[in-house]
Amino acid sequence: MKLIYAGLLGVVLAFLSVASASTKITVNGMVCAFCAQGIEKSLSKIPEVKAVFVDLKNKVVVVESRDGVALNDKSLTQGITDAGYDVIKIESIPQTISQFRSERRSKK
Amino acid sequence: MGFKNSWMIMGDLSKPYYDLSANYATTINDAYGFSLSQTQYNRSRSTSRTAEVIYVRKVKRWNMPEAQANMWFAGGVGATKDSKLDETRATASLGVQLDYETTRFYSMVATRTSFAGGMTSTNSTARLGVSFYEVDYDQAQPWIVIEARRIEVESKQYEFTPLIRVIHNKYFIEAGANLSGHLRFNFMLNY
């Protein structure tokens, strides 16, 4: 029985990791590209990170993980703190960076 | 200084004064580097050249939803060569800067005092800037900046310089001319 539960849990986690394609981070203090490049560089050094998108106008950073790898909220928060900024909110979103950018463009 | 584990290279270039410096941020708040500067005495050919090892400290950053403010400290020790007196003296400097900026507005005040051979001189700067429009992270952003600056050994008067600033990713450049027609070029590079 335990094996069945463990299997089900694995399936659910696998589903969640596929459903949550990216992590969206709301950041305080992000006002110019010259300063915010530190965020991109700091997060890009994390091995699980595939791509980083800085949305300066909406003060959010979207991070996409490498295939089959989960992002760690703690290391993302540390990366942004090392760049000199404060994380306000961190959430999983179903979109990839490409989809997020397309949706953002269509809202303009 | 830039972000942790990054180099910041800066230049402030004009006829009466230039300053070239580079520093490396070892932590989120501390950077170490060096600075080379030259100041021309008021309407003379005499100059004062200074080489310093510098320390920059981000004393406090306030991160707000739509703005950022900072308090900086800078200190340096080195040597100054004065062409008027034809001698080299040990020098030290202390400076403080406060800035506040949003995506469309920039303000800054700074003061820096140098001590060399019993003499002191203070440089004071205030800046206000506005950008033409907000941009995305990967777009160039143009600004108009007005600066009031007084370099004590050069002149007791403040000089006013309008500048055009362009920021694009790791590049930051400013160009302008003061009311006396002296050209001015500033840059910063962070990597």
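What follows is a chat about how the features of this predicted two-chain model get their labels.

Reader: How confident is the predictor in chain B and in chain A?

Author: pLDDT is the predictor's confidence in each residue, from 0 to 100. Chain B has a mean of 92, with 99% of its residues at 70 or more. Chain A averages 84, and 81% of its residues score at least 70. The model as a whole has ipTM 0.83 and pTM 0.86.

Reader: Why are H2(A) and H3(A) called oblique to each other?

Author: Helices here are DSSP runs of H or I with at least four residues, strands are E runs of at least two, and both are numbered from the N terminus. H2 (residues 33–44) and H3 (residues 73–82) of chain A have axes that come within 8 Å and cross at roughly 140°. Axes are lines fitted to C-alpha atoms, for helices over the stretch in contact, and angles run from 0 to 180 degrees between N-to-C directions. Under 35 degrees is roughly parallel, over 145 roughly antiparallel, 65 to 115 roughly perpendicular, and the rest oblique. The roughly 140° of this pair falls in the rest, so H2(A) and H3(A) are oblique.

Reader: Which residues of H2(A) and H3(A) meet?

Author: From H2(A) come A:Ile39, A:Ser42 and A:Leu43, and from H3(A) come A:Leu76, A:Gly79, A:Ile80 and A:Asp82. They divide into four nonpolar, two polar and one charged. The classes go like this: Ala, Val, Leu, Ile, Met, Phe, Trp, Tyr, Cys and Pro are nonpolar, Asp, Glu, Lys and Arg are charged, and the others, Gly among them, are polar.

Reader: How do you know which strands of the chain A sheet stand at the edges?

Author: The open sheet has four strands in the order E2-E3-E1-E4, with antiparallel pairing. Strand E2 (49–55) and strand E4 (86–93) each have a single partner strand, so one side of each is left without a neighbour in the sheet. The twist averages 20° from one strand to the next.

Reader: What makes E1(A) and E4(A) a pair?

Author: Two strands pair if DSSP finds at least two bridges between them. Strand E1 (residues 22–28) and E4 of chain A have seven and run antiparallel. In this pair, A:Ile25 stands opposite A:Ile90, and A:Val27 opposite A:Val87. On its other pairing, E1(A) joins E3(A) over five bridges, also antiparallel, with A:Ser22 partnered by A:Glu64.

Reader: How many bridges join E2(A) to E3(A)?

Author: Six, again antiparallel, and A:Phe53 has A:Val62 as its bridge partner. The two strands form a hairpin with four residues between them, and A:Lys59 in the turn has a positive phi of about 60°.

Reader: And what kind of sheet does chain B have?

Author: A closed barrel of twelve strands, running from E1 through to E12 with antiparallel pairing. The twist averages 15° from one strand to the next.

Reader: How many residues does each chain put into the contact?

Author: Chain B gives 24 and chain A gives 20. On the chain B side, E4 and E10 are the elements that give two or more residues. That side has eight nonpolar, ten polar and six charged residues.

Conventions. Residues numbered from 1 in each chain as written. Chains lettered and ligands numbered in written order. Predicted model: local features only at pLDDT ≥ 70, side-chain atom pairs only at ≥ 80, totals over all residues. Contact = placed C-beta atoms within 7 Å.
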